[in-house]
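Colleague: I would like to learn how to read a model like this one. Please take one feature at a time, with the general idea ahead of the case.

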Amino acid sequence: MNYDNINELLNAPEGEHYQFKEAKNRFDFGEAVKCCCALSNCGGGKLVLGISDKRPRKVVGSTAFDQPERTREGLINKLRVKVDFQLLEHEGKRILVFDVAARPRGLVIQVDGIAWWYDGDSHIAMPDNIRRDIYAEIGHDFSGDICVGATLQDLDAQAIEAFRTIWAAKSGNNRILNVSVEQLLTDCEAMKDGELTFAALILFGTRAALGKYLPQSEIVFEYRMNEASGPAQQRVEFRVGFFACYDRIWELINLRNNKQHYQEGLFLFDILTFNERIVREALLNAVSHRNYQLSGSVFVRQYNDRLVMENPGGLPKGITLENMLYKQSPRNRRIAEIFALCGLVERSGQGMNLMYELCIMEAKSLPDFNGTDEFFVCITLNGLILDKKMLSLINRIGSEHLAIFSTDDFLVINALFYEQKLSDHLKPRIKRLIGMGIVEHAGRGKYVLARKLYEATGKSGVHTRLKGLDKETNKALLFKHIQKNNGKGTPLKELQQVLPSHSRSQIQALLRELRDEKKIYSAGKTNGSKWFLLSD
């Protein structure tokens, strides 16, 4: 940020989108979580540490959170929304700004069961009328409806206890371990006014209960050696609550999870064809986003080199293949919120960002949605490493930088490595990556990865090709051409033929450097001027 941007912060109105804290020496992390939760629920905003909250505001400087990348990671883990940070300096004083994304459409962000909200400058528990308005954004939530006639006997005790254990561990609240089943289901809103919702059946139901009330709530696993039609080599049908089969589905996939070898120096690493976190995120997406009012099952089809998941219902309202990384709208809000409570989902119930990031870090193809239409969502996870040199590049970038990367940062790296065109929405990330020494400007709106990254992959020649000849080589070519003219002088138009990839202004800048080095001089005016060797 430049001085004008600092002034913008100093003059910004404190409230639902900006929160200022002096935090000269420290700031409580729990308080930061509440502030960021309220900011997200109010549409997103900035938590600014190091600037006084009372007007006229002053930069006081803050030493709080000396490892902001760790704090950012902690905020993401607590809130499940995107959080970035900036470190600024004004007159030698440190300012730390956390930029918090808005809550997903139709969902509220909660911390330990409380959805924080800003009422003026104070954060409070979100009022019920605000919560109802948010829920109404995506229309009717089938998973929150009462399943008439269903009772506690229709739920699988082991599935409930599995959920209880995960939720207690995630929240750190041991009280959860001791409450009754009725209270547990009420607290997570799987039960309303003593009656079970469809979310309770989908997540904890017995086979008999699902067969009676919701037979389409089924996950089918198949292993196929090839594309040939006919029976699968293995087929297992799960018509039970999700928490009763979640781990078993991964175990089946992992039985045939081959290792791919990657060597970095003297060290040999193994990368699994199917990354557990990616697979689990895709499965959570399928369960929380499918349309349970349509017939058809969730299919998980495993091949030797890829995994294909298909679920009925098409993309949720307002979500497209183009915006799915940036907009979130769960079709089954109640299910998504229960997943969020126990920490199964990443970033507010979607997790697509995490899937993209891990695919790039493992040098694999990005998730493929070919086959998706208005009736089905189909996602293919290709497990083979595309280029092992990409793994060397990721290793060279280092975990310190990767920890503060956004999904867009990963996408920029991926596009530049495979020499793909950068989309317009990725270009704003370039300046930050240049500042980190990861990307370089190659002229005329072109960018390349830093030379050190190409060197780490044994592709330094690619860097030279993409960026063009370096400055000193270009100056030498211009000097040599002027020298060959034997005192006749060389017009700028002719020198442009020597470096056709350079603009007129770029060549003039190189000529001025040669002139300042006392090697050449110009004579004449405007278009009639020529360049001579200083010794001519």
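Modeller: Start with cavities. On a 1 Å grid over the protein atoms alone, a cavity is a set of points where a 1.4 Å probe fits but cannot get out, and lining residues have an atom within 4 Å of a point. Grid points are joined across faces, edges and corners, and a volume is the space filled by probe spheres set on the points. The structure here is a predicted model, in which local features need pLDDT of at least 70 and side-chain atom pairs count only at pLDDT 80 or more, while totals for chains, interfaces and linings use all residues. Residues are numbered from 1 along each chain as its sequence is written, and side-chain values use heavy atoms, with hydrogens and water left out.

Colleague: How many cavities of 30 Å³ or more does the structure hold?

Modeller: There are four of them. The largest cavity has a volume of about 210 Å³. Its lining comprises 18 residues, and those closest to the centre are N285, H289, L315, M352 and V377.

Colleague: Which elements each supply at least two residues of that lining?

Modeller: Elements are DSSP runs numbered from the N terminus: helices are H or I with at least four residues, strands are E with at least two. Here α10 (276–289), β14 (306–312) and β15 (376–382) each supply at least two lining residues. The most comes from α10, with four residues.

Colleague: In which sense, parallel or antiparallel, does β13 pair with β9 and with β14?

Modeller: Two strands pair if DSSP finds at least two bridges between them. Strand β9 (residues 219–223) pairs with β13 in the parallel sense over five bridges, and F221 has V300 as its bridge partner. With β14, β13 pairs in the antiparallel sense over four bridges; there R301 is partnered by V308. A hairpin of three residues joins β13 to β14.

Colleague: What should I look for in the backbone angles?

Modeller: Most residues other than glycine have a negative phi, and most peptide bonds are trans. The peptide bond from R55 to P56 is cis, with omega near -5°; P56 is in the loop between β2 (45–49) and α3 (68–79). E189, not a glycine, has a positive phi of about 65°, and A363, also not a glycine, has one of about 60°.

Colleague: Where is each of the two, and is it buried or partly exposed?

Modeller: E189 lies in the loop between α6 (181–187) and β7 (191–192). E189 counts as partly exposed because its relative accessible area is 29%. A363 is in the loop between α12 (352–361) and β15, and A363 counts as buried because its relative accessibility is 1%.

Colleague: Last, contacts. What does S529 touch beyond its neighbours within four places in sequence?

Modeller: Contact means heavy atoms within 4.5 Å. S529, in the loop between β19 (520–523) and β20 (530–533), is in contact with P491, L492, A523 and G524, leaving those neighbours aside. S529 counts as buried, at 17% relative accessibility.

Methods:
On a 1 Å grid over the protein atoms alone, a cavity is a set of points where a 1.4 Å probe fits but cannot get out, and a pocket is an open set with protein on both sides within 12 Å along at least five of seven lines; lining residues have an atom within 4 Å of a point. Buried means under 20% relative accessible area, exposed over 50%, partly exposed in between (1.4 Å probe, protein chains only).
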